[in-house]
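Trainee: Could you walk me through this structure, starting with the terms I need before we look at particular residues?
Mentor: Gladly; let us look at it together.
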Amino acid sequence: MGPEPNTDTAINGSTLVGLGGWLLVYLYGSIPFLLFHSAGLSGWFLDYPLWLLGVIFLLLASPLALILLKSPRAPRWNVVTLWVVAFLITLRAAAVPFNLETDGATQGRSPEEWATAIAILAVIVIGSLAWATIWTAYFRRSLRVRNTFAPRAVKP
């Protein structure tokens, strides 16, 4: 009554499957990550409306629901979302110097203020790219992900 032969198992002999381990870290860590990025993206075209932040967050967080439902599509959709978010936040950061501000604040910024703003934006972009890279590797290499999201066999 143990795991199937040729199946990798955890130290205690149980098969790595289900919502646990690093998969839970990803789920819980993605919520603040996506909220932060949703806020940044909601301010790209409009003045940070709460309703737009909510819509963007729900859209970006929908692949997390696939994990909870243990859908075989969950790993692919989460990886796609990771890279879409990283790409969009990079575009958003790159667009900051080109934003037209009506109050003329852009012209009044000192080189030190620009350097600080660019450094903050670089940290955000690098953090997004690192997050996407790390979790993409996890989704592609994890035994737990493979076991949890394997396509279900259809019984005749």
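Mentor: Helices (H or I, at least four residues) and strands (E, at least two) are DSSP runs, numbered from the N terminus. This is a predicted model, in which local features need pLDDT of at least 70 and side-chain atom pairs count only at pLDDT 80 or more, while totals for chains, interfaces and linings use all residues. Residues are numbered from 1 along each chain as its sequence is written, and side-chain values use heavy atoms, with hydrogens and water left out.

Trainee: OK, where is S71, then?
Mentor: S71 is found in the loop between helix 2 and helix 3.

Trainee: And is S71 buried or exposed?
Mentor: S71 is buried, because its relative accessible area is 15%, and buried means under 20% relative accessible area, exposed over 50%, and partly exposed in between (1.4 Å probe, protein chains only). Leaving aside neighbours within four places in sequence, S71 is in contact with L66 and F149, where contact means heavy atoms within 4.5 Å.

Trainee: What about S62, where is that one?
Mentor: S62 is found in helix 2, and it counts as partly exposed because its relative accessibility is 38%. S62 and W77 are 15 residues apart in sequence, and their C-alpha atoms are 9.0 Å apart in space.

Trainee: Stepping back, how many helices and strands does the protein have?
Mentor: The protein has five helices and zero strands, so that, under the DSSP definition, the elements from the N terminus on run α-α-α-α-α. Buried residues make up 33% of the 156 residues. Among the contacts with a separation of 6 or more, 70% are between residues 24 or more positions apart.

Trainee: Which residues of helix 3 are buried?
Mentor: In helix 3 the buried residues include A74, P75, N78, V79, T81, L82, V85, A86 and I89, together with R92, A93 and A95. What covers the buried residues of helix 3 includes helix 1, helix 2, helix 4 and helix 5 (143-148).

Trainee: What should helix 3 span, and what are its ends apart?
Mentor: At 1.5 Å a residue, the 22 residues of helix 3 should span 32 Å, and the end C-alpha atoms are 31 Å apart, which agrees; the expected span is 1.5 Å times one less than the number of residues. For helix 4, the 31 residues should span 45 Å at 1.5 Å a residue, and the end C-alpha atoms are 44 Å apart, which also agrees.

Trainee: And which residues are buried in helix 4?
Mentor: The buried residues of helix 4 are W114, V125, S128, A132, W135, T136, Y138 and F139, and they pack against helix 1, helix 2, helix 3 and helix 5.

Trainee: Which residues touch the most other members of the largest nonpolar core?
Mentor: Of the 25 residues in that core, L23, Y26, L34, L64, I67 and F139 touch the most other members. A nonpolar core is a set of buried Ala, Val, Leu, Ile, Met, Phe, Trp, Tyr and Cys residues joined through side-chain atoms within 4.5 Å. The elements that give two or more residues to this core are helix 1, helix 2, helix 3 and helix 4 (111-141), and the largest share, seven residues, comes from helix 2. Not counting residues up to four places away in sequence, L23 touches G18, I67, Y138, F139, R144, V145 and F149.

Trainee: New topic: how many cavities of 30 Å³ or more does a search of the whole structure find?
Mentor: The search finds one, and the largest cavity has a volume of about 60 Å³. Of the 13 residues that line the largest cavity, the closest to its centre are Y26, L34, L60, N78 and T81. On a 1 Å grid over the protein atoms alone, a cavity is a set of points where a 1.4 Å probe fits but cannot get out, and a pocket is an open set with protein on both sides within 12 Å along at least five of seven lines; lining residues have an atom within 4 Å of a point. Grid points are joined across faces, edges and corners, and a volume is the space filled by probe spheres set on the points.

Trainee: What does T81 touch?
Mentor: T81, whose place is in helix 3, touches L60 and P63, not counting residues up to four places away in sequence.
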